[in-house]
Structure formats: C-alpha cells, structure tokens
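Please keep the sequence and the three-dimensional view at hand while reading.

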Amino acid sequence: MASVPLPQDIILLLCEELATRRDFTTLFRCSLVSRRVSSIALEKLYGIHESSRASFGDARGTLAWPRLWRSIILSSIRKTAYPYCTYLRYLSLGNLEECLQDVVRSDSLDFFFRGDMERFRVSKPQDLSYLFIDILAIIDRCADSITDFIEKFADDTGTAVTLAHLEGTIIPHDRVSTWIARLRTLTTLRIRDGSVLGVEAASAISECCPNFTDLTFFYCCTADEDLAAFFRTLRPNSLRSFQVISLNTIGGNALAALNAHAKSLKTLILGSLSPAAIKALNLLSSCTALETLTVESDHYRMELADYNEELLREISAWIGNCKSLRNLTLGRVPNALPIVKDVLAAPDIHLVSLSIICCSNEAVTENPAAWATLGLQDSLEDLTLGLQDAQLEGLRVGASPRLADSICQLKNLTSLNLIQSSVSDDELCRFAKALPKLSELSFSGDAITDSILEPLSNLSQLKLLEISAISNFSFAALLNFATRLDTPGHRGIRVDILNQLGERKLTTLQFARLKNYFGKTLKGTFDITYFNDPDELHESDFSDVSD
C-alpha cells in the first residue's frame, strides 16, 4: 500500500506541541525531514528561539549563538531559504549586544561578518576600543533591517507577523518611533532607559500597535512631565502593565497620568521611588483594577514627619479598593505598617503574595496591630518579611509576639522568606508545626541549633531550605535530618546552610557523605559554608618577614 503523507494540519499540531514543550532538538530534526515539514518546524523553532540554549550563556564561546543571529539578520535581506526574522515573537537587541561582545572575546568576528553580513559591520579605530567594532552602530543597522523587512513582508503577503515583544538595552532616540511603527503586532516593550520614549513614540504605539499593553523600564531619567505626556498620548485604558525597576524621576505628574489607564492597568511595579513620589501615591486613587502592586523607596532612611495620617489614609484607601489585588510588595516605604494594617483588614483584599521590607526597627515594634491583621489573610501562599537597616541585622520576629502568632495562622503558606529577619529555634519549630504546606523556607537569626532539624524534616513538601542564621549543627543531627527526608515529597530538595559556626565544621568525609546522600538518594543538593572558617587564610594571618 502506498504511503499517505500526513495532513498539514497534523504536522502543524505536532510542531506546536513540540514548541510548547520547548523540544528544540526534535523540532530541528523535523526541519530536516522535508521542505513541507521544514517550513512549519522552522517557524515554530524561531518562534521560541529566545528560550533556546543558543540564546543563553550556555552558547558563550561557541558558534551556535552567532550562527543563530546570522540567520535572523541575513533573512532580513533575503539571503536565507526562509524569512526567519518574521517567525520571531521576541526580538532581544540586548541579547544581540551580548552575542557581539562574545564574538569579540572568542575571536569570531570573521565568522560572524563573513559574506553578506559584511554590510552590517561598523569598525572602530583600534586605538579607541579593544572591541574594534562599534557594537551599538551594528545593532542599529541590524534592528533597522529586521524591522523594515518585517513591515514589508506583512504588507506584501497580507499576513500578520508574530513579533510581539521588543527588548533593548540602548535604543537610539531617533529610531525608536520608526521601529515601533513597523511592528504592528507589538504588545510588550522592555528597554533599559525609558527616557528615549517621548510623545512621538507614544503616538507610534497608539496609531500602529493596537495590541500594545506592557511597558518596562530598567531606569528612566526623563522629566516627570514628559513621562506623564507619554502616558496620556497612549490610547486610554490600553496599558496593562507598567514597571520601572531602578533609578527614575517619576513624580506626581506621571502617577496622575497613569489614571488614564485605570481600567486596564493590572500590574504596577514602581521601584526606587523618591520621597516626593512616595508622597504622591494617593494620586493613583482611580487605579483600582490592580492585581499586582510593588512600591519600593530609593531611600533606606527617611524622615517620617512629612507622611501625615491623612496621606497614609488616602494611600491605604486606594490600595484597599483594589479588590482584585493578589500580590503586594512594599519595600522601605516609610510608615508602611499603618498602611499594611488598613489594607490587610479590608474586607475585599485576599492576597496570595505579600512582601514587606521595613525601613526602621521602630516601625516593627510600635505597630503590633499591623501584625495582628496579617493573620486575616488566610489565602496567602507566599510571604516575605524583613528589615533593611544598616545598623540592624534584620527584623526580629520575637520583638512582636503577634507577628509569630499571625504567621502561624497562615495555613496555606507554601513559601516563607525570613532571610532579612531574625528568628529563634522556638519560633521555627512553631512555624514547622503550624504550616504543613511549606515547600520553601528561608530565614536568618542567631544560634540556631539541632532542635529545629527534626520539625523541619516533618514538612512533607519541603523543597528549598535556606539557612542564613548562625547555625550550630552537629553531623549526627544533619545526617538524621537527611535520612528523614527520604520521602517522595522531598525529591529534588535543596538545602543551603550559609553560616555554620567554624568550630563545628564538618570533616571532608562527613560533608562528602551528606552531599552524596542528598544527590543520589534524594536527587537534590546540599551545601554548607562557614562563619569564621578555621581553615581559611586571611591577609591578617600573614606578617612580613625581613632578613
């Protein structure tokens, strides 16, 4: 009987499933079967290229990384069998920058720029830079070629391309609007410096990118008024996520302008805010559709006098009205705990994740009511508590008895991060008994002893244990702890002991026995480092010897 070729729809479904599984090897093999299968397999392969080993550090020093980028760039000038660049969903110019740096380090310039790639080469005088090539100018040429081809391909074929995400470390101000306008399917923009985006870029997004929703800056030094104008120029209620990670000049104007997206904004991450911006948070009062909110200050110590009760009430009321809020992070926000108290007590707030990093010990000890309301959030699965104060080692859980009681009420917790806190043996034993669903536990403290190991081993789903506290564990207790973990729920567990007292240092054989047991029996990892390791040699141990 003659063989019957698989229908095209079946091949498409197969390749889509392989792409979902990130099975690059099988997809590549499919691309070698026949031209009919190759076109589908390669489209899916390049559609997930950003997740491949060739796009990460695993490919450093090899030709896999530059070969991938060569094929993408050459396709934009029609020098490849297929239009690979139109298959991309994610265009990372930052990744191209890292690839070019690696090409220089590995002496692969001739390979990368051979043949038709020569037109993209921009050289520097050798006495000006050890790189010998102008990486930023090369990225400019490549990105311009790729985005231009994508636009023309869409126009010529009448089909929509799949590129939805654009990421770049340095994007020229005079290019960004043009590139955006060419990428009509763009939904996400991640750039290092948000100051390159002005009203012109916002107009390009508004007019050409109807599905645009997500914007992320690493830093943003543009004027507050200019950023406000950018937000207002976007289509109203189109922005779903806005994130700024580091240094920025956001102020009241930009925050107020975000209200133009009050109905659509689901994720708002405001890192490194100035004191003036913190005091303007109440201007976000209309943004109540939030599901994720992060507010972090750029100051470790701030005067609290300017944060009056009325302002705090307005900020609390805004967050408390976000009925869909599930993830809340407050980092070094002055007077955060009064805000926390009101928000956690709000009847419509049901958090899944909460992170509070306080900026003063007084805030911790003088607000017991805030810690009492923590216990009301019984839907919490992920909790991080800490204190970032240069004069103190961390938030002392025992300083507020209500805090430990509230933590014990959170029966659905799967992750508890107290790495910037200080806990005692007794408190840890209480947590281990009260929180049976814990799979991740991190903590710090003083004088942690063998007494905590058995209760911790009873956590049947524990997969990560990170102990930054000063520990005084014996080998016998650690070995017993390890053997008690030999259950299905602990397979793949990772245990890191970061500050074991040097005087209780394990012998080489003891450490090898534990590491071997964790690796072979538990399929996990075990590591231990020491506080005042007696075997370490320090510069102070040496003295000059003169003749």
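How many disulfides does the structure hold? The structure holds 0 disulfides. The model is a predicted one, and the points below are grouped by topic.

**Cysteines**

- Cys208 takes part in no disulfide, and its nearest cysteine sulfur, that of Cys209, is 5.9 Å away.
- A disulfide requires two cysteine sulfur atoms within 2.5 Å, and the sulfur of Cys209, for which the nearest cysteine sulfur is that of Cys208, is 5.9 Å from it.
- Cys208 has a relative accessibility of 24% and therefore counts as partly exposed.
- Cys209 has a relative accessibility of 0%, so this residue counts as buried.

**Aromatic pairs**

- The count of aromatic pairs comes to 11.
- One of the pairs joins Tyr82 and Tyr84: the ring centres are 6.3 Å apart and the planes meet at 50°, so the pair is classed as tilted.
- Tyr82 is buried, with a relative accessible area of 12%, and Tyr84 likewise counts as buried, at 12% relative accessibility.
- Phe217 and Phe242 form an edge-to-face pair, with 5.6 Å from centre to centre and 80° between the planes.
- Phe217 belongs to strand β4 (residues 214-219) and Phe242 to strand β5 (residues 241-244), so their pair ties together parts that are 25 residues apart in sequence.
- Phe217 and Phe242 are both buried.
- A cluster linked by ring pairs contains Tyr46, Tyr82, Tyr84 and Tyr87.

**A charge over a ring**

- Arg70 lies over the face of Phe111, at 5.5 Å from the ring centre.

**The largest pocket**

- The volume of the largest pocket is about 590 Å³.
- This pocket is lined by 20 residues, of which Phe28, Leu45, Tyr46, Ala54 and Leu68 are the closest to its centre.
- Helices α2 (24-30), α3 (35-47) and α4 (64-75) each supply at least two residues of the lining of the largest pocket.
- The most is given by α4, which contributes 6 residues to the lining of the largest pocket.
- Sorted by class, the lining of the largest pocket consists of 10 nonpolar, 6 polar and 4 charged residues.
- Tyr46 has a part in two of these topics, as a member of the tyrosine cluster and as a lining residue of the largest pocket.

**The second largest pocket**

- The second largest pocket holds about 150 Å³ of space.
- Its lining includes Glu16, Arg22, Glu43, Lys44, Tyr87 and Arg89.
- The elements that give two or more residues to the lining of the second largest pocket are α1 (8-20) and α3.
- By class, the lining of the second largest pocket has 3 nonpolar, 3 polar and 5 charged residues.
- Tyr87, one of the residues of the tyrosine cluster, is also found in the lining of the second largest pocket.

**Backbone angles**

- Ala447 has a positive phi of about 55° although it is not a glycine, and this residue lies in the loop between β13 (440-444) and α19 (453-457).
- Asn532, which is not a glycine either, has a positive phi of about 60°.
- Asn532 is located in the segment after β16 (525-531).
- With 59% relative accessibility, Asn532 counts as exposed.

Technical notes. Residues are numbered from 1 along each chain as its sequence is written. This is a predicted model: local features need pLDDT of at least 70, side-chain atom pairs count only at pLDDT 80 or more; totals for chains, interfaces and linings use all residues. Side-chain values use heavy atoms; hydrogens and water are left out. Rings of Phe, Tyr and Trp (its six-membered ring) pair if their centres lie within 6.5 Å; planes under 30 degrees apart count as stacked, over 60 as edge-to-face and the rest as tilted. Buried means under 20% relative accessible area, exposed over 50%, partly exposed in between (1.4 Å probe, protein chains only). Helices (H or I, at least four residues) and strands (E, at least two) are DSSP runs, numbered from the N terminus. A charge sits over a ring if NZ of Lys or CZ of Arg is within 6 Å of the ring centre and within 35 degrees of the ring normal. On a 1 Å grid over the protein atoms alone, a cavity is a set of points where a 1.4 Å probe fits but cannot get out, and a pocket is an open set with protein on both sides within 12 Å along at least five of seven lines; lining residues have an atom within 4 Å of a point. Grid points are joined across faces, edges and corners, and a volume is the space filled by probe spheres set on the points. Ala, Val, Leu, Ile, Met, Phe, Trp, Tyr, Cys and Pro count as nonpolar, Asp, Glu, Lys and Arg as charged, and the others, Gly among them, as polar.
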